[in-house]
Amino acid sequence: MTERAIDSDQTGRIRVIAAGPQSLVQDGGRTGFQKLGVSVSGAADMDALNIGNRLVGNDPYDAAVEILLGGAEFEFETAATFALTGAETGATLDGVPLVSNVSYSAHTAARLVLEMPIPGQGLRTYLAVAGGIKTPPILGSRSTHVASEIGGVGGRALEPGDVLKIGEILVPAVSGKMFNSGDSSANDSELPAVNVRVVLGPQDDEFSAAGIRTFLDSTYAVTDQSNRQGLRLDGPVIESRTGSYDIVSDAVVNGSVQVPGDGKPIVLLADRQPTGGYAKIATVITVDLPKLGQTAPGTKITFAPISVEESQQLLRDRSNRLLKPELGQAVDTFSVQVDDLHVSIGVTEDEVGRRDLITRIARINDVAYPISAVKYTPAE
Amino acid sequence: MTEQAPAADQNVEYPRILAVGDSALLIEFGSEIDPGVNSRVYALAGQIEASHNAAVVELVPTYRSLLVNYNPLVSDYREMSRFLDEAVAGANEIPVSAAQPNVIELPVVYGGEDGPDLETVAEHAGLSTREVIEIHSGTDYRVYMLGFAPGFPYLGGLDPRIACPRLKTPRTKVPAGSVGIAESQTGVYPNASPGGWQLIGRTAVKLFDHGLAIANTSPSLITPGSEVRFVPVDNHD
């Protein structure tokens, strides 16, 4: 792909027509200000954010729209290249079905509609757009933290009528790119129990040996008291060593498993406050956090211990798997050259070869649009 | 937000370095709220900042510990542990500063609409509201840490005579600048938020403004290591 000169008016806009239960601008998160009490926030499924941004040629941590439980609609006020990642929602562009993990082109005034996610396929879908969503950065990030009214559009969830600016496109014509959806964390949540790996501590010594066994041997259920701040779990009570679960408040991280006075664990996630006063029995490893960002209430969770060294190896593997490899290209099954116009038609095919994960694409001079196609049999 | 720790484990030797998952390490200097322990936390934070270690993402100092968030793709667990061992040893060489801390004066209107719980606190203490105001404004409070919400200070040194339990039912909206008491803590809400502290007054000073970061100034007026002094005033002019 060659870099072309970019017109200065190539920055675009997306209008929110419907925002569903909650749509938020999220990026890699707001680091550097936790010592002043500012939450990090950021995408709940960082894998999906990274993949979406890569598909449209952005930095992996650029801002995208995180859409909870679908039900959202957007209008492209200017032509744009976009991709949907995370939870599969049966999305359409001007009525043409789309699949996750493929980049498409949308012409001016095209309407993107997201239905409800398929049950067991995750909660959060990400809309990444070439150039990135350019709401005003606050303290170095565009991530929305609703509780402290920081980031996104006015520190709140998106509302119908909001217009999101799209940044300048640095690498044009990236539509028709594909990412192997087998690597998407949204898929794991359909398993009977989500297995989450943890590094024990930092305050595992506040718990009795029996308490730690309870934590590692039991199955916990995600309650409906769960959100971007954390997953409140229900299940067997974890015994503390002294009868108290309180410590002098100290710092927490994404994935901290704290145990409050009722003995039932809470896994802290992106929107957590920077500090907390409950003992933390364990810490979920970074590569397993995206699946927690996709787990619905009722989902069963089990915890398995792992060493710091192993978890860091998994993180290096993730980086090689998600951030480095070349992206696939939609398959061209038919192509014609008309003067200087190159037109090809094909289907996307991921490596798993799942028939429900394909989309038909028409590519005109390297710009890929989703198309509807019906089987045509010429009359004899 | 818990103030009292369980009885300290006598077998633990401080400082100690603990793994917090795959991307952070925690250095604990003690298990209690103590100005000397807290000074050690900030001495180490200064030492690490001065090292400009490229793997360090963010430091979060608290009452008794320092959380070091790092990028394991830049430096792994073993390497970071070694780096922190050396930094802890180096920080121990630094005498805990006897320099006068920066004192931030906050004018506060006590009682009335600004402090709807002043009389509750006075009743609980068996004192007059005037005495509660005198006691509360008569001390400089050490800022041990910030947390809970942007710019929210955890202050130490509340006179035990005016300690008071939290509200049974938290308010859904506490006005920005409200000064409160909860158990043996006092603090001030930088922004409107839900909260369960007993509100005794309010300051009109803006405590947190993320716009300030653009001018390369701290977005939080109150910074860790400084001290806060509440100055009683009759009105917000």
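Strand S5 (103-110), helix H4 (129-137), strand S9 (178-182) and strand S12 (198-202) of chain B are among the elements that cover the buried residues of H3(B). Helices (H or I, at least four residues) and strands (E, at least two) are DSSP runs, numbered from the N terminus. This is a predicted model, where local features need pLDDT of at least 70 and side-chain atom pairs count only at pLDDT 80 or more, while totals for chains, interfaces and linings use all residues. Residues are numbered from 1 along each chain as its sequence is written, and chains are lettered from A in the order in which they are written.

So which residues of helix H3 (residues 118-125) of chain B are buried? They are B:Leu118, B:Val121 and B:Ala122, with "buried" meaning that 20 or more other C-beta atoms, placed from the backbone, lie within 10 Å of a residue's own. These residues cover an arc of only 100° around the axis, which puts them on the same side of H3(B); the arc is taken over directions from the helix axis to the C-beta atoms.

Turning to the chain pair, 40 residues of chain A are in contact with 48 of chain B, contact being C-beta atoms, placed from the backbone, within 7 Å. On the chain B side, S3(B) gives the most, five residues.

Chain A itself splits into domain 1 (8-187) and domain 2 (191-323), with bounds from an automatic or database domain assignment. Their C-alpha centres lie 27 Å apart, and 25 residues of domain 1 are in contact with 17 of domain 2. Helix H1 (residues 46-55) of chain A supplies the largest share of the domain 1 side, five residues.

How values were computed: Contact = placed C-beta atoms within 7 Å. Buried ≥ 20, exposed ≤ 12 C-beta atoms within 10 Å, placed from the backbone.
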